[in-house]
Amino acid sequence: MKVLLTHGYFLNEDSTEQRIMKPYAPLGILYISAYLKEQGIDNKIFDTTFSSKNELKKYLVDEKPDYIAIYVNLMTKINVLDIIKYIKSTDSIKNAKIILGGPEVRYNATDLLELGADFVVIGEGEETTLELINRLEMKNEN
């Protein structure tokens with residue numbers, strides 16, 4: 001089992017942030033990653049901030065994670081939808097379960113599920129993500 005945590009923010013697409021150059025670390029996915037590791041769940045983070053969509057897409061194909069958890073907010077929603085579309089249309093990773101979390105999912109859960117997400121996590125994601133992955137793994141064992 002492989003869990004990949006990522007987000008859809010790309011600094012190279014944000015001219016305002018490029019001028020002030022004070023990007024921030026993706027703390028939410030860092031917290032979830034640390035919690036999952038603490039609970040024995042192997043996972044990796046792909047921080048897209050200093051990367052590109054093409055690099056993320058290549059990484060997804062190379063790593064072939066079973067679960068792809070993506071943080072989404074209003075600013076990154078379009079990129080996240082593009083990433084979901086890519087995952088669902090790429091044979092080698094189309095069976096990966098897509099889990100979305102972040103502030104955008106609370107009021108758009110149904111839309112995001114209809115657009116390709118398999119699951120949405122509302123609220124703090126550490127424990128819910130762990131419970132979801134453990135449950136899915138149990139289902140896969142049967």
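Tyr 31 counts as exposed, at 51% relative accessibility, because the cut-off for that label is over 50%. The residue is found in helix H2, which covers residues 27–38. Together with Leu 27 and Leu 30, Tyr 31 forms a nonpolar patch on the surface, and the three have about 300 Å² of accessible area together. Please keep in mind that this is a predicted model.

Now let us go inside. Setting aside neighbours within four places in sequence, Thr 6 is in contact with Ile 29, Phe 46, Thr 48, Leu 56, Ala 69, Ile 70 and Tyr 71.

Strand E1 also brings us to the strand pairing. E1 and E3 run parallel and are joined by five bridges; within this pairing, Leu 5 has Ala 69 in E3 as its bridge partner. E3 pairs with E4 too, in the parallel sense and over five bridges, and here Ile 70 has Leu 100 in E4 as its bridge partner. How well covered is E3? Four of its five residues are buried, so E3 is mostly covered, given that buried means under 20% relative accessible area.

Ile 70 and Leu 100 turn up again in the nonpolar packing. The largest nonpolar core has 19 residues, and those that touch the most other members are Leu 60, Ile 70, Ile 87 and Leu 100. Two or more residues come from each of helix H3 (53–63), strand E3 (67–71), helix H4 (77–89), strand E4 (97–101) and helix H5 (105–114). Which element gives the most to this core? It is H4, with four residues. A second, separate core holds 14 residues, including Leu 36, Val 121, Leu 132 and Ile 133.

On to the charged side chains. Side chains of opposite charge can pair when their charged atoms come close. The structure holds seven salt bridges, and the table shows some of them.

| Pair | N to O distance | Relative accessible area |
|---|---|---|
| Lys 53 and Asp 82 | 3.9 Å | Lys 53 24%, Asp 82 27% |
| Asp 62 and Lys 58 | 2.6 Å | Asp 62 47%, Lys 58 52% |
| Lys 94 and Asp 91 | 3.4 Å | Lys 94 37%, Asp 91 62% |

Salt bridges that share partners join Lys 53, Lys 57 and Asp 82 into one network. In the salt bridge of Lys 53 with Asp 82, distant parts of the chain are linked: Lys 53 sits in helix H3 and Asp 82 in helix H4, 29 residues apart. Asp 62 and Lys 58, by comparison, both lie in helix H3, four residues apart, about one turn of the helix.

One backbone detail deserves a look. Where is Lys 64 found? Lys 64 is in the loop between H3 and E3, and it counts as partly exposed at 40% relative accessibility. Its phi is near 50°, a positive value in a residue other than glycine. Most residues other than glycine have a negative phi.

Key
Residues are numbered from 1 along each chain as its sequence is written. This is a predicted model: local features need pLDDT of at least 70, side-chain atom pairs count only at pLDDT 80 or more; totals for chains, interfaces and linings use all residues. Side-chain values use heavy atoms; hydrogens and water are left out. Contact means heavy atoms within 4.5 Å. A nonpolar core is a set of buried Ala, Val, Leu, Ile, Met, Phe, Trp, Tyr and Cys residues joined through side-chain atoms within 4.5 Å. Buried means under 20% relative accessible area, exposed over 50%, partly exposed in between (1.4 Å probe, protein chains only). Patches are made of residues with over 30% relative accessible area and no salt bridge: like charges are joined within 9 Å, nonpolar side chains (Val, Leu, Ile, Met, Phe, Trp, Tyr) within 5 Å. Accessible areas come from the Shrake-Rupley method with a 1.4 Å probe; for residues, only the protein chains shown count as cover. A salt bridge is a side-chain nitrogen of Lys or Arg within 4 Å of a carboxyl oxygen of Asp or Glu. Two strands pair if DSSP finds at least two bridges between them.
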